Amino acid sequence: MKIFIHLPTWLGDAVMASAALKLVFEHFTKLDKKTEFILHGSFVACELFKECENTRIFIEDKRSRYVNFYKLAKIWGRVDYAFSFRGAFSAKIMLFLLHSKYKFIFNKKHNKNAHQVLKYLEFIKNSLKLKEAVQDELFLPIKAYKKLDENEQKALCEYFKLDINKKFLGINAGAKYGSAKRWNEEYFAKVALEFSKSHKILIFGVASEQELCDKIEFLLQKNGVKALNLCAKTSIKELCELISSLDLFISNDSGAMHIAAVYKTPTIAVFGPTKFTQTSPWHNENARLVHLNLACMPCMKRVCPLKHHACMQELKPELVIKEAKSLLKEQR
């Protein structure tokens, strides 16, 4: 059998779709052990799942999206089933171009108030007409740091110049979705400074977040703390391995936060304009949410429409520090 899967665009959505993706893998592999899975999507989404068995990875080209997809569809030929985890009109066009009898596309309006993980799972269950309960744990083929062998752990730490015997605190100040989801970088620096005597500080981010990551590094350096700025310096695999190694992670609602949920990394998740009931760290018993309860929340906007960004500006670092200390105490 040949199964086509159109992955979500965003890193966080791809992680939240992982439980449903695993359901697809298991369902069709039981029917035919030689089933081939064709995964198509953004670079970050494909990087997450490229180590899965019996998969072929194709990174989408947005410059000539439909022309390139049409060419790929010709290469793939007929597929038995096609699933798209996207609900955009462009996804419908892509499925239309595929030669397949069975085509299913995600509808974000279904189960509107459910957590995103459950929305994706219901999409697959309904598509395959599965009535029994299914496993709903997140899944990534990338091994957690603790499951790497000793040589692999040593190689990772040596490459990033990390002391394997130190405790690590990671901070993720960015959020690809937009500035409204980002907590103040000075607040992040203040939290990191609080734990700098007991933890090595690791700063994560993508290339577009270089300025804010550099600012946090500068603020810490100004206070005598040398942090490791890993902005745009890790692969997706390395990002997963490092996040899974952390003793504490402070993050906005972001893709990195969802990666931390896969590995049950102790996490303080800072929420502002987004619905934490739908995008909170899934099944991470080691995660704590910190947020305010303002009348304008959740606005779900990329940029604060009221210009004051109160949901993040009024959420002071002392609140996060208090929650982080409580969480670390529970981990002992």
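Q: Which helix gives the most to the lining of the second largest pocket?
A: Helix 14 does, with three residues. This is a predicted model. Helix 14 spans 317-331, and helix 10 (236-245) also supplies at least two residues of that lining.

Q: What makes a residue part of the lining of a pocket?
A: An atom within 4 Å of a pocket point. In the second largest pocket, 21 residues line the space. Lys 146, Leu 246, Asp 247, Pro 266 and Gln 331 lie nearest its centre. The space itself is about 510 Å³.

Q: How does the lining of the second largest pocket divide into nonpolar, polar and charged?
A: Nine residues are nonpolar, five are polar and seven are charged. Asp and Lys count as charged, Leu and Pro as nonpolar.

Q: What span is expected of helix 4, and what does helix 4 reach?
A: At 1.5 Å a residue, 16 Å is expected for its twelve residues, 65-76. Helix 4 reaches 16 Å from its first C-alpha to its last, close to that value.

Q: Why are Phe 69, Leu 72, Ala 73 and Trp 76 called buried?
A: Buried means under 20% relative accessible area, so these four residues of helix 4 fall below that cut-off. They cover an arc of only 105° around the axis, which puts them on the same side of helix 4. The buried residues pack against strand 1 (2-6), strand 2 (36-41), strand 3 (55-59) and helix 5 (89-97).

Q: Which residues on the other side of helix 4 are exposed?
A: Lys 71, Lys 74 and Ile 75. Exposed means over 50%, so these three pass that cut-off.

Technical notes. Residues are numbered from 1 along each chain as its sequence is written. This is a predicted model: local features need pLDDT of at least 70, side-chain atom pairs count only at pLDDT 80 or more; totals for chains, interfaces and linings use all residues. Side-chain values use heavy atoms; hydrogens and water are left out. The expected span of a helix is 1.5 Å times one less than its number of residues. Buried means under 20% relative accessible area, exposed over 50%, partly exposed in between (1.4 Å probe, protein chains only). The arc is that of the directions from the helix axis to the C-beta atoms. Contact means heavy atoms within 4.5 Å. On a 1 Å grid over the protein atoms alone, a cavity is a set of points where a 1.4 Å probe fits but cannot get out, and a pocket is an open set with protein on both sides within 12 Å along at least five of seven lines; lining residues have an atom within 4 Å of a point. Grid points are joined across faces, edges and corners, and a volume is the space filled by probe spheres set on the points.
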